[in-house]
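Dear colleague,

Please find below the structure that I am handing over to you, together with its sequence.

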Amino acid sequence: MLLGVNIDHIAVLREARKINDPNPLDAVPICKLAGADQITIHLREDRRHIHDNDAKVIINQSALPVNLECSINEDIIDIACKLKPARITLVPENREEVTTEGGLDIKSNYEKIQKVIKKLHKHEIEVSLFIDPNKEVIELSSKLNVEWIEIHTGTFANIYAMLNSGLANTHHTIKDLELPKTELKKRLQTSIKEIKKATKHAIKNDLKVAAGHGLNYQNVTLISNIEGISELNIGQSIIARSVFTGLHTAINDMQNLIKKA
């Protein structure tokens, strides 16, 4: 299983003080030495972390393939075509969100997404769609002739955190998931089953399958054990651990968990 390391949160730390340190580019060779397979970055419309120049220098200088996450905004797509990363992952964006909250609404935006994909393919960039584990959405993704889908694992991760961590006792508790443990266990199993079914259906439709969002050192093996998922994209938990262990060790620790699965 491949591991893409999302280095956005290094830029988050930099932007918190509005200075030029830490530089996310400095993480790229460390990721390579630690055995990562891919660098993932998200160029948001609001530029809250990664900026245009970050994307440019990382894509131009990275020895690893770069997966650039972005919205279907026309201006962003124009930038992406000029940068020519190895892959573009199209994701939804909401200016008020803390982080990406769900998969692309392909049904409502089919024609626009189709035009974007054709444009990216003309620039020889492979395309992935960040989607919820839903059969209909997978079939629409297949019709759009993308190479990849990335299954949104955020719902799974939120349920897992409310069941197996102290999240419910903090100010970041998820109100909708303040439920009895028996109910959370049922929902967790349902979420895993949905991801498994979605993965199988995607493979039947000749799509390569990645997964990501909210994956960490506690929950990752439940996803990496799913047959058919060939790549995980993980960011916040790796960067958070690296504060204490260093980035090389944090990536190694994640790789070891994935390999044990």
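The notes below describe what was found in this structure, which is a predicted model.

Helix 7 spans residues 154-164 and is mostly covered, with eight of its eleven residues buried. Those buried residues are G154, F156, A157, I159, Y160, A161, M162 and L163. The elements that cover them include strand 6, helix 8 (181-204) and helix 9 (220-224).

The largest nonpolar core holds 80 residues, and I7, L90, L129 and I238 are the ones that touch the most other members. Helix 7 supplies the largest share of this core, namely seven residues. As for I238, its contacts beyond four places in sequence are L3, V5, Y217, L247, A250, I251 and M254.

The aromatic pair

A search of the whole structure returns one aromatic pair. The partners are F156 and Y160, whose ring centres lie 6.2 Å apart with 45 degrees between the planes, a tilted arrangement. Both residues belong to helix 7 and stand four residues apart, about one turn of the helix. An α-helix has 3.6 residues a turn, so residues three or four places apart point the same way. F156 is buried at a relative accessible area of 1%, and Y160 also counts as buried, at 15% relative accessibility.

Strand 6 covers residues 148-152 and contains E150. The side chain of E150 does make a polar contact of 3.2 Å with that of N233. Leaving out residues up to four places away in sequence, E150 touches N67, E69, T89, S128, L129, F130, I131, A210, A211, G212 and N233. One of these, L129, is also among the residues that touch the most other members of the largest nonpolar core.

Salt bridges

The model contains 13 salt bridges. Among the residues involved, R14, E15, K18 and D54 are linked in a network. R14 is buried, with a relative accessible area of 8%, and E15 counts as buried at 15% relative accessibility. R14 also meets D54 in a salt bridge of 2.7 Å, N to O. Since D54 lies in helix 3 (residues 52-61) and R14 in helix 1 (residues 8-17), this pair ties together parts that are 40 residues apart in sequence. D54 is buried as well, with a relative accessible area of 8%.

A further salt bridge joins the side chains of K107 and E136 at 3.3 Å, N to O. K107 is in the loop between strand 4 (87-90) and helix 5 (110-122), and E136 is in helix 6 (residues 135-143), so the pair ties together parts that are 29 residues apart in sequence. Are these two residues buried or exposed? K107 counts as exposed, at 60% relative accessibility, whereas E136 counts as partly exposed, at 41%.

With kind regards

Definitions and conventions: Residues are numbered from 1 along each chain as its sequence is written. This is a predicted model: local features need pLDDT of at least 70, side-chain atom pairs count only at pLDDT 80 or more; totals for chains, interfaces and linings use all residues. Side-chain values use heavy atoms; hydrogens and water are left out. Helices (H or I, at least four residues) and strands (E, at least two) are DSSP runs, numbered from the N terminus. A polar contact is a pair of N or O atoms within 3.5 Å; within protein, one must be able to donate a hydrogen and the other to accept it, and residues adjacent in sequence count only if both atoms are side-chain atoms. Contact means heavy atoms within 4.5 Å. Buried means under 20% relative accessible area, exposed over 50%, partly exposed in between (1.4 Å probe, protein chains only). A nonpolar core is a set of buried Ala, Val, Leu, Ile, Met, Phe, Trp, Tyr and Cys residues joined through side-chain atoms within 4.5 Å. Rings of Phe, Tyr and Trp (its six-membered ring) pair if their centres lie within 6.5 Å; planes under 30 degrees apart count as stacked, over 60 as edge-to-face and the rest as tilted. A salt bridge is a side-chain nitrogen of Lys or Arg within 4 Å of a carboxyl oxygen of Asp or Glu.
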